[in-house]
Amino acid sequence: MSRNDAAPGTVTAPPGRIRRMLSHLYIQCLIAVLLGAAVGGLWPSVGADLKPLGDGFIALVKMFIAPIIFCTVVHGIASMGNARAVGRVSLKALLYFEVLTTVAMVIGLVVVNVVKPGSGLHIDLSTLSTKALPPEATTAHEGFAEFLLAIIPATLVSALTGNEILPVLLVSVLFGFGLNASGEAGLSIARGVEKFSTVLFTLIRWIMRLAPIGAFGSMAFTIGHYGLGTLRHLALLVGSFWLTALFFVLVVLGTVMRLNGLRLLPFLRYIKEELLIVLGTSSTEPVLPRMMAKLQHVGASKPVVGITLPAGYSFNLDGTAIYLTMGSVFLAQALGIDLSLTQQLAMLAVMLLTSKGAAGVTGSGFIALAATLSAVPHVPVAALALIFGVDRFMSEARALTSLVGNGVATLAVARWEGELDVDRARAVLGGEIPYAPTPAHSAVPAEPDPKETSAPTRDPVPAAS
């Protein structure tokens, strides 16, 4: 009997079906995450030793983040043509960020006061030590003036070689305005920046093929090093945080999508690959270039995407916002410290500052919480030792929530600005115009099909291949 001949009554899978499924990045990442969890659970020491796989993948991507943000923001500002349009988009984005961040913090504050996950623990502060905490959590944290000064890089180039996003945004915005004011010379440089970004996105496309390896190593390390056993003692905190983050995504962000004529669940399916990469690595940075390309493909103009999404990585960390309020009040409850409503609101005001400027990397939320506690006298920083062991299990939820929040924010600002092709967005999210990760979708959009877009005055949106 030949391979094509099947026994009567049997059903065979189409040739190559499994191979086609395995060729999808999200399937590869899902398998890698499950295998990593299994290795970490069955062989903890082996899983803990696989940490370099995840760290190496994130480091490879981070190497390109600053120049990609620079090229995207500069080209976005240059293509807008005038400073007023840039200022309008930036102002709308910042207004949206502040409102949604505040909503996230208030939701976290309400949940932690209702559920009271720390009540009844009666932890003695004298038994806690800061020795096991990372050095960043116990060092003195900057005030508002130092925070603003830190945004200014030492040199123009040092902003592109550092690890902070805000200095890159500052240099990019200034450079973009400079190109706008330089006439023909600025126009030629802008074209060069766009061509350079094509090369960067091509390299990122190659590196993203390693995403399953990075997700496997990171998940194996998380389970192997921290162990699922640590969750038993703080399961109520971790569980309530995940459910709160899920509520924020489905209800709050779902409502924002509805108000803009779109639906959230198709958008989540559209970015499923990015969600799985973030789940495995606990970091949103590796998927920033892909999110830029996908949001352009969905119908948001390149200038709005180039300004809003990178800014959101510093100013719109919804997951971290929920974590800050829930974490700080949980620690107060565990130590038996009764925080008044006024004290909690004062902490919330501090958090609006400490939540800004943190890149979407693993552990940034924990450091932001340490900065919050050091800025207010109510809860001692040493209390962080209580949740350090389970912080990694909440890091995934922080990163996933922030990723979805920034994607929704970009679409909302684009719609608010009249720079979102809603018909195309519905078609893309409905699967009618599939996304293909080619350079044309990343940096230099192809000319749109007249049947697919009806916004000739906008930056061309990449057509599907």
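Threonine 202 has its place in helix H10, residues 183–207; helices here are DSSP runs of H or I with at least four residues, numbered from the N terminus. The model is a predicted one, in which local features need pLDDT of at least 70 and side-chain atom pairs count only at pLDDT 80 or more. Residues are numbered from 1 along each chain as its sequence is written, and side-chain values use heavy atoms, with hydrogens and water left out.

With a relative accessible area of 17%, threonine 202 is buried (buried means under 20%, exposed over 50%, and partly exposed in between, with a 1.4 Å probe and protein chains only). A polar atom of the threonine 202 side chain lies 2.9 Å from the backbone oxygen of threonine 198.

Patch residues have over 30% relative accessible area and no salt bridge, with nonpolar side chains joined within 5 Å and like charges within 9 Å; a salt bridge is a side-chain nitrogen of Lys or Arg within 4 Å of a carboxyl oxygen of Asp or Glu. Helix H12 gives the most to this nonpolar patch, with five residues. Leucine 250 is found in H12 and is partly exposed, at 42% relative accessible area.

Arginine 258 is likewise found in H12, which covers residues 235–259, and counts as exposed because its relative accessibility is 58%. Together with Arg263, Arg269 and Lys272, Arg258 forms a positive surface patch.

Note on methods: Areas by Shrake-Rupley, 256 points an atom, 1.4 Å probe, with all protein chains shown as cover. Lys, Arg positive; Asp, Glu negative; His and termini not counted. Charge placed at Lys NZ, Arg CZ, Asp CG, Glu CD. Helix = DSSP H or I, 4+ residues; strand = E, 2+ residues; numbered from the N terminus. Polar contact = N/O pair within 3.5 Å; in protein donor to acceptor, adjacent residues only side chain to side chain.
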